[in-house]
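Please view the chain below before reading on.

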Amino acid sequence: MKIVGMIPSRGGSTRFNNKALALICGKPMVYWVWKHSKEVACFEEVYVATDTEEIRGVAEGFGAKVVMTSPDCETATERLYEFSKKVEADIYVMINGDEPLIMADDIVKCIPDSLPADGFYVSNLMTDFSNPVEVVDPTNLKIVTNKDGICLFISRAPIPFPKGNMNYVYQKFVGVGAFTPVSLEYYHNTPRGPIEKIEENDSFRFIENRKDCYYINAHCKTLSVDTPKDRVAVEEYMKAHGLDK
């Protein structure tokens with residue numbers, strides 16, 4: 001199978017404008033995501049998909065291949081769909097541009113060994129919460145799956161509610177996922193449902209329509225950069241663990 005990696009890097013952000021270029025240990029955040037993605041052996045290539053010439057120039061400056069996409073893409077998955085019309089592949093792995101701590105060994109966990117006969121496949125990564133305070137933080141998405149790893153619901157609320165059993169480990173969203181062309185076509189051609197509009201999470205494009213969307217526990221360390229404060233926390237972690245080279 002031809003597998004490519006794609007890093008969506010839009011210019012605008014309501015909480016942290018142009019965060020793809022925010023410096024972490026002296027290099028733009030998108031560089032660290034690209035560096036770790038390039039270490040995935042099964043990727044034929046890794047691309048940065050952006051809507052601004054500024055990000056394009058920076059990414060090409062450190063050696064990345066860049067595909068320009070529309071500034072009108074409302075979600076990262078829509079940007080991936082547009083990208084898929086320009087770069088052919090059997091599986092597209094999207095590594096969010098605000099996940100600088102994600103390593104190659106974690107990224108590959110969303111990639112299946114084979115594809116279903118109908119060609120439809122969607123998976124994302126998740127990981128365990130290590131701090132109970134994070135569970136009640138609405139900036140963190142909580143994932144609930146069935147025993148087969150198929151996603152049942154995603155919320156910013158702490159779900160499931162521990163009424164009958166307190167012995168439960170909550171899982172949070174990690175910004176890495178695998179998609180086939182068939183699943184991307186389905187995403188693009190299916191209207192947003194009411195739950196997706198409420199929660200503002202586009203995995204519901206599949207969940208609300210009973211299309212299997214797998215969430216795989218990578219048991220990895222992650223901290224997505226949504227605010228300048230997050231950038232500082234990531235930089236401190238990278239320096240403390242020798243990841244700043």
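Methionine 94 stands opposite glycine 177, which belongs to strand 10. The model is predicted: local features need pLDDT of at least 70, side-chain atom pairs count only at pLDDT 80 or more, and totals for chains, interfaces and linings use all residues. Residues are numbered from 1 along each chain as its sequence is written, and side-chain values use heavy atoms, with hydrogens and water left out.

**Strand 10 and its partners**

- Helices (H or I, at least four residues) and strands (E, at least two) are DSSP runs numbered from the N terminus, and two strands pair if DSSP finds at least two bridges between them.
- Strand 6 (residues 91-95) pairs with strand 10 in the antiparallel sense over 4 bridges.
- Strand 7 (residues 122-128) is antiparallel to strand 10 and joined to it by 7 bridges; valine 122 has phenylalanine 179 of strand 10 as its bridge partner.
- Strand 8 (residues 142-145) also runs antiparallel to strand 10, with 2 bridges, and isoleucine 143 stands opposite glutamine 171 in strand 10.
- Of the 9 residues of strand 10 (residues 171-179), 8 are buried, where buried means under 20% relative accessible area, exposed over 50% and partly exposed in between (1.4 Å probe, protein chains only).

**Helix 1**

- Helix 1 (residues 29-38) is largely enclosed by the rest of the structure, because 8 of its 10 residues are buried.
- The buried residues of helix 1 are Met29, Val30, Tyr31, Trp32, Val33, Trp34, His36 and Ser37.

**Aromatic pairs**

- The whole structure holds 14 aromatic pairs; rings of Phe, Tyr and Trp (its six-membered ring) pair if their centres lie within 6.5 Å, and planes under 30 degrees apart count as stacked, over 60 as edge-to-face and the rest as tilted.
- The rings of tryptophan 34 and phenylalanine 62 are a tilted pair, because their planes are at 45°, with centres 5.1 Å apart.
- Tryptophan 34 is in helix 1 and phenylalanine 62 in the loop between helix 2 (53-61) and strand 5 (65-68), so the pair ties together parts 28 residues apart in sequence.
- Tryptophan 34 is buried at 11% relative accessible area, and phenylalanine 62 is buried at 19%.
- The rings of tyrosine 168 and tyrosine 170 have centres 4.9 Å apart and planes at 85°, so this pair is edge-to-face.
- Tyrosine 168 is partly exposed at 32%, while tyrosine 170 is buried at 13%.
- One aromatic cluster is formed by Tyr31, Trp32, Trp34 and Phe62.

**Charges over rings**

- A charge sits over a ring if NZ of Lys or CZ of Arg is within 6 Å of the ring centre and within 35 degrees of the ring normal.
- Arginine 205 lies over the face of tyrosine 187, 4.0 Å from the ring centre.
- Lysine 211 has its charged end over the ring of tyrosine 186, 5.2 Å from the centre.

**Tyrosine 237**

- Tyrosine 237 is in helix 9 (residues 228-240) and is partly exposed at 23% relative accessibility.
- Beyond neighbours within four places in sequence, tyrosine 237 is in contact (heavy atoms within 4.5 Å) with Leu101, Lys221 and Leu243.

**Whole protein**

- The protein has 9 helices and 11 strands.
- The C-alpha trace spans about 55 × 45 × 35 Å along its principal axes.
- Buried residues make up 51% of the 245 residues.
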